[in-house]
Amino acid sequence: MPTQITILGLPGAVWLALAAAICVALFVHRMIFLVRVLIRGSPEYRLNDIPLRIGVFLREVLGQERLLKGESIINWAHPLIFWGFCLFVIASALMFVGGILAPWVHVPQVESIPVLGTLVDLFAVLVLVALAASSFRRYVLRPPGLQRTMDATLVVMLIAGLMITFLLAEIGGMFKEQLAAEAGQATEGWLATQTWLPAASLLGKLMLAAGISREAAVSVGVAAWWGHAAILLFFLVYLPYSKHMHLLWAPVAVLFAELPRRGTLPPATALGEESTPLRQFTWRQLLSAYACAECGRCDRVCPALQSGADLSPREIIAHLKHFVLEEGKRAVKGQPRSEGRKRLVGEEIPAETLWACATCYACMEQCPVRNEHVPIVVQMRRQLINEGSIDASLQEALTSLQRYGNSLGQSPRKRAEWAKRLEFPIKDARKEPVDWLWFVGDYASYDPRCQAVTQTTARVLHLARVDFGILMDKEQNAGNDVRRTGEEGLFELLREKNAQVFEGVSFQQVFTTDPHTYHSLKNDYTVSGNQQEVPCRPLQGKRIVHYSELLEELLREGKLTVRRRLDHVVTFHDPCYLGRYNGVYEAPRSVLRALGVTVVEMPRNRENSFCCGAGGGRIWMKDAPAGGGHERPAESRVREAMSLPGVQYLVVACPKDLAMFQDAIKTVGAEDRLKVVDLAELVWEAVAESCQMKAEQQELAHT
Amino acid sequence: MNIAVVLRQVPDLIETLEIADDGTRLDYGAARFIVNEWDNHALEQALLLKESEGSSVTVVALDFGEVDNTLYEASAKGADTIVKIPWDSEEPPALRQAAALYAEVLRGIGAELILVGCQSHDELEGPLAPQLAFTLNLPYVGVVRGVQPGDQPGSIRVFKEFPGAVVARMSVRLPALIGVLAAEKAPRYVPVSRIRAAMKSTPIRESQVDVPQAAAPVNVLRLYVPEAPERAEMLDGSAEEVAERICQILAEKGLLR
C-alpha cells in the first residue's frame, strides 16, 4: 500500500489516519450542526406509508428516475456521476481502511475484487465523460436558471481530480504488481485475482507507449494515491458547506417527500413575536434548503417566471438556505433572533415575488430532489397575510369570502340562480337524499360565462339519469385557493361551514367540475396536516371525483350513448389541480376519444402542462403588466394550442380555465382561429339527441 | 391620545333591500348587515394614529346587526377596548336618539378625539357625525381624508375635502369630533385566525345607558324602490319607416296634430 512509507519520521498510515480523523471530525461537526438546525423547524408528520417511501427512494435516488426522464445530456450524465459516486464510496472506504491498516493486515482493494473492480475502473472513465458533458451543458449551452458559480466549478474539478488520481493510482498499482511478480515477490493485489481493468490497462499501455517507464508510473501512482486521498478528505469537509450538500440531503428529502398525496399543506405554525425564525417553517421545508442542487429545473418550468414575474423558485430556496444557515448559527449558539438583518419574507424575498406564484406544482413535479417549493411559498404567504401585507384586489376577494362565502362579492342567495333557469328541477340535497352531491364551486355558480357550462353539465347528468343534488345557497367556497393564499384561518372557517352543511345531507358520492374544489375536498378536507385526523368527517370514506371521471364512467357504462360522433380536432389543457396534483390525466382524454374527436396533444401536456396562471389565488390578484416581450401564462398557452395544425377547440375541464382562456383568446386576437370549449359542452353535443330519445322512450314505456 | 371610534351597522347592499309590509320602512329582519364603509375608514385612521402616536383606541357600537363580529374584527385589527351599547329594537335608532345614546357612552370614555364616518347610506335624517358633535358640544370637521398628529400638543391636523377636489389642511384643537371620508390608507385586512383569537381573548364591554326617547322629526309616508321608467323602443327599418314611426309616436303622445 502507498501508506507503507515514512513521512517526516512517521509511517504513512499514521498520517493518513490522522488526516482522516480530523476531516471526519470536521464533517461530523458540520453535519451535527445541520441536524440541530433542522430539528428547530416546526413538526411535520412524514412517517406514513413507509413501504411507498422506500419504493420512491429506490426508484428516484438509486434509480435516478426523475433525472433519467428529464432534460437531455444531464439525463444520462447525472445518473452516471451518481452511480459512480456510489461505487467510489466502496472503493474509498477500502482504500482508507486498507491504507491505515496496511502495517498490520492486508485489506483487499477494489481493483483486486472481480466485477466490482471492473465496474469502478469503467465508471472512473464514464464519470469523466459525464463531467465533460455536464460542463459543456453548464458552460456552453447555458440553460437558463443553471448557475455558473465558483462552487459548481470547484466541485466539477474535485470530482474530475478524484477520477484521474484514481486511474493513475490504479495503473501504478498494476505496474507495481507486475514488477513484483517479475522479481519473484508475492503479489496479493490485482495480479492475484486477475480482475479485468479495461480502462487502467488501456491507459497503462498508452503511458508506456508515450515512453513513461513502469517504475515512473508506479511513483506517479503513489503520488496519485495520496492526491486522491487528499482530494477526498478535502471534499468530505467541503461537501456540507457547498451546493453539493445535496448529495447528502437529497436522499433524505426524497425519503421524506410529500407522499402519498400531493398538495397537502402542514398546519399553520405559530407566527408572531413568540415564534423563533426557524420555527416559521417545518423541518421538511428547512430540509429543502439543504437538498437543493441548484439545477434550475424549477425555474425553467415556472409559468410566473416565464411571464416576466420576479419569481424564481430556485432563488426562493436559495434565500431560504441562506436564512436557515444564518439563523441556524444563532439558534444553535442560543443567541437571540437577529436584529437589523433583512427579514426573509417581504424583504429578502419581496411580497410581489411570493404573490406571483400560481401554485401550479410544475416546479415540484420537476424537482429531482422533491423539494417543496409550493408549501414553502404558502408558508411565507401566511406570514404576509398575518401582517396584512396583501394587495387590494386580493383583500377584496378574501373579505368577500369571509362575508359571503364566495370570492365574487355575490349574494349567497344567488348561488343557485343558474339552476332555476333549467327546464328541470335540481334536487336540494339538504332536503332529500341523493346519490351524488354536486359541489358546484364559485366560478361555476356565479360567473356568467361558466354558468352556461354548469347548466350544460346538469343537462348531461339529468339525461344520464344521475341522481344528484346541490347545496343551494348553503354551499361556500371550498377554500382551495384561499388556503394557498396563506389565509389558513379563513380556509378553516370555510371548511367548518361546509362540513356543517354536509352533516345534514344524505349522499354517497361527491363530484365537482372545478379541479381546485376537487383537490380541496379530496385532500384538504380529508387529511389534516399531521395525517392523524379527518377534518371533515362527513366526507370520510366518500368517493370524490372530478366530473371528467364521472362522464368517463357514464360513457363507459353506456348510461351516456354517443349519438353523433364529433369530427372536431381538439387539444386538451390539463388543469394543474387535476393532473399534477391528483394524477387524473386519462379520464378527460377517454371522454374525448369516446365522442369521436381527434385529440392533438400540445407539446406541454399531462404532467408538463402549462398553468393558465389562475391558481393559488392569482385569479383574484391584478396581473403586473407583462413587459419585456413576455406574455401572460394563459396567452402563452393559447398560442401553444394555436400552433397545432387543424385544432379548432381548446378543451378545458375547469371553470377558471374557461374564464382565463376566453380572455386570453381575445387578448391574442385568436377568436376566429380557436374556440375554448368545456368538456361537458362537447359531451352534450354528442349525446344530447340520443339521451333525449332514450329518456322519451323510457317515459313512453312507463306510461 | 385617547381616541374613540363609532362603528355602525348598515344594511348590506349586496342583497336586494326589502320594504316592510306597512310600506314606510325597510324590512330589517330580512337584511344582511355590514359595517358602515366610512366608519371603517374612521377605525383605520384611528389605528394609524395609534401606530404613529401610541394612542389608545376604543370602539363603540350599538348592539345591532352583526355587531359582535364587527367588534371582534376591530379588536383583531388593534382596537384596545370594544364597547357595545344595548339596543333591543330590530330597527336602528332615529338620528337624535342615536346621537344621545353614543354621546352618553362617549362622555364616559373621555376621548379627546372622536372619529365617525362622515356619512352612511341609511341616513334618513342627515349625517350622525355633526349631530353627535352638537350633542357633545364638540368642534366638528367633516369630509376629512386623513388625520395626523398636530404640530402642538393637544391638536391634530386634518385634511378636509371640498367639492372640486380642493383639500384644506386644518389644525384642530382637541377635544374634537371628526367626520371621516377616508383614512390615509385603505382599511387593513385582518386574518380570520386573529379575529378568532380576539373572540377568545377580548371581552366586549357592555355599556349600560338609558335609551332616550325622542320623537322622530321625519315622518315617512312611503318607502319604495325606484320605479322602472317605461321601456325604450328601438326603431328598425329604413329611414322612411323610422321617420314614419317617429311621427306616429309623437302623434300618439299628442305632440303632433
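One aromatic cluster is formed by A:Trp418, A:Trp436, A:Trp438, A:Phe468 and A:Phe511, where rings of Phe, Tyr and Trp (its six-membered ring) pair if their centres lie within 6.5 Å, with planes under 30 degrees apart counted as stacked, over 60 as edge-to-face and the rest as tilted. This is a predicted model, in which local features need pLDDT of at least 70 and side-chain atom pairs count only at pLDDT 80 or more, while totals for chains, interfaces and linings use all residues. Residues are numbered from 1 along each chain as its sequence is written, chains are lettered from A and ligands numbered from 1 in the order in which they are written, and side-chain values use heavy atoms, with hydrogens and water left out.

Over all chains the structure holds 19 aromatic pairs. In one of them, the rings of A:Phe88 and A:Phe166 have centres 4.9 Å apart and planes at 80°, so the pair is edge-to-face. This pair links distant parts of the chain, since A:Phe88 lies in helix α4 (residues 74-101) of chain A and A:Phe166 in helix α6 (residues 150-182) of chain A, 78 residues apart; helices (H or I, at least four residues) are DSSP runs, numbered from the N terminus. A:Phe88 is buried, with a relative accessible area of 7%, and A:Phe166 counts as buried at 8%, where buried means under 20% relative accessible area, exposed over 50% and partly exposed in between (1.4 Å probe, protein chains only).

Rings also meet charges: the charged end of A:Lys542 sits over the ring of A:Phe507, 5.0 Å from its centre, and that of A:Arg604 sits over the ring of A:Phe610, 3.8 Å from its centre. The rule asks that NZ of Lys or CZ of Arg be within 6 Å of the ring centre and within 35 degrees of the ring normal.

Turning to the two chains, the contact (heavy atoms within 4.5 Å) takes 22 residues from chain A and 19 residues from chain B. Across this interface the rule finds 3 salt bridges, each a side-chain nitrogen of Lys or Arg within 4 Å of a carboxyl oxygen of Asp or Glu. A:Arg403 forms a salt bridge with B:Asp12, the closest N and O atoms being 3.0 Å apart. The elements of chain A that give two or more residues to the side touching chain B are α17 (373-386), α18 (392-404) and α23 (488-503), and the largest share, 6 residues, comes from α18(A).
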